Amino acid sequence: MTKILKIRRPDDWHLHFRDGDMMRDVVPYTARQFARAIVMPNLTPPITTVEAGRAYRERIRAAVPSGLAFEPLMTCYLTDNLDPEEVRRGFAEGVFTACKLYPAGATTNSDSGVTDVANIRGVLEVMADIGMVLCVHGEVTHSDIDIFDREAVFIEQVLRPLLADLPTLKVVFEHITTEEAVAFVQASGPNVAATITPQHLHINRNAMLVGGMRPHNYCLPVAKREKHRLALRKAATSGNPKFFLGTDSAPHARHAKESACGCAGIFNAPFALESYLAVFDEEGALDHFEGFASLHGPAFYGLTVNAETVTLEKRDCVVPEMLSAAGEEIVPFHAGQTLGWTYAG
Ligand code: DOR
Ligand code: ZN
């Protein structure tokens, strides 16, 4: 008999949909598996107003295939001079669920990000006051810091001082990649949590660099050495409610990744649950999968758990070498590989 796993419908607490044709073609992949997703605001131009957030949400809703119930949860992109009242109003009107802190220059479309958190002190104070979550891309961007150290340095230079200054601020330390981040989150209060991507549970930096450069394994924060991957796997599968699912699925056309200056981002949405579940199975932690995928995130955000359930079956799932979106070829995470679990709806 096929082994099955039935869990509450999961949510994705960190996701890139883009806009236009790309958005229309990638939304169905996420809506098939997830009930809600925290949608990143790093469009060009970024989402910095309530009106832009509302309009983007409508465009996403219109791209959800009929018969699927999916709700995008919007985020506001923080800039050095964003008006705190815009954030307060967006939260009060139910448009913005969270704000996103990109250190300026850290990653794709982060040029308008924050140059110094001191510049957004007023916004952060309002957020702490109203209980709004801050999603943090935790990397320093100084050119003198090695790219593999950027997350660990961010903890000491930015995150620890920030939480000492505003100890009640709710922070999601996103897509963590290091044992230092795991330890920091574990040692922090209940107002600090983290998301973990499938790629950082599956690959270390060798997957990017051994035997040739492999641009489809390149994302930011970049995958680190093996000991960090093992620390992330332990945290994700531990049952600790501070750790939950956030894919950071980030579609880029194949030619933009296979380039002299390839874009950062891994497109994992089409087989996200299969990818995570392979890890939980390997770690002998299937009983902790529902918590990670479906319970810890809503609890942290103060949202209800989804009423519906989904079923996963222990049978092979072959990931295609290539998909197509917005008229472009796009290479999914695990392209050409076979995963041991299949999403059965
Ligand atoms: O790899 C990444 N891709 N990391 C990010 O932080 C942004 C994302 C994107 O938007 O492509
Ligand atoms: Zn991201």
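How much space lies in the largest cavity? The largest cavity holds about 130 Å³ of space. The model is predicted, local features need pLDDT of at least 70, side-chain atom pairs count only at pLDDT 80 or more, and totals for chains, interfaces and linings use all residues. Residues are numbered from 1 along each chain as its sequence is written, chains are lettered from A and ligands numbered from 1 in the order in which they are written, and side-chain values use heavy atoms, with hydrogens and water left out.

**Cavities**

A cavity is a set of points, on a 1 Å grid over the protein atoms alone, where a 1.4 Å probe fits but cannot get out; lining residues have an atom within 4 Å of a point. Grid points are joined across faces, edges and corners, and a volume is the space filled by probe spheres set on the points. By this rule there are three cavities of 30 Å³ or more. The largest cavity is lined by 17 residues, and those closest to its centre are His 16, Thr 107, Leu 220, Asp 248 and Ala 250. Its lining has five nonpolar, nine polar and three charged residues (Ala, Val, Leu, Ile, Met, Phe, Trp, Tyr, Cys and Pro count as nonpolar, Asp, Glu, Lys and Arg as charged, and the others, Gly among them, as polar).

Asp 248 has a positive phi of about 55° although it is not a glycine. Asp 248 is in the loop between strand 9 (243-245) and helix 10 (254-257); helices (H or I, at least four residues) and strands (E, at least two) are DSSP runs, numbered from the N terminus.

**Ligand 1**

Ligand 1 sits in the largest cavity, meaning that more than half of its atoms lie within 2 Å of the grid points. Around ligand 1 are 13 residues, the closest being Arg 18, Asn 42, Thr 107, Leu 220 and His 252 (a heavy atom within 4 Å). This shell divides into four nonpolar, seven polar and two charged residues. The table gives polar contacts, pairs of N or O atoms within 3.5 Å.

| Residue atom | Ligand 1 atom | Distance |
|---|---|---|
| His 16, polar side-chain atom | oxygen | 3.4 Å |
| Leu 220, backbone N or O | nitrogen | 2.8 Å |
| Ala 264, backbone N or O | nitrogen | 3.0 Å |

Taken alone, ligand 1 exposes 290 Å², and the protein buries 100% of that (Shrake-Rupley method, 1.4 Å probe).

**Cis peptide bonds**

Leu 220 is joined to Pro 221 by a cis peptide bond with omega about -5°. Pro 221 lies in the loop between helix 8 (206-209) and helix 9 (226-236). A cis peptide bond also joins Thr 44 and Pro 45, with omega about -5°.

**Largest pocket**

A pocket is an open set with protein on both sides within 12 Å along at least five of seven lines. The largest pocket has a volume of about 300 Å³.

Key:
A polar contact is a pair of N or O atoms within 3.5 Å; within protein, one must be able to donate a hydrogen and the other to accept it, and residues adjacent in sequence count only if both atoms are side-chain atoms.
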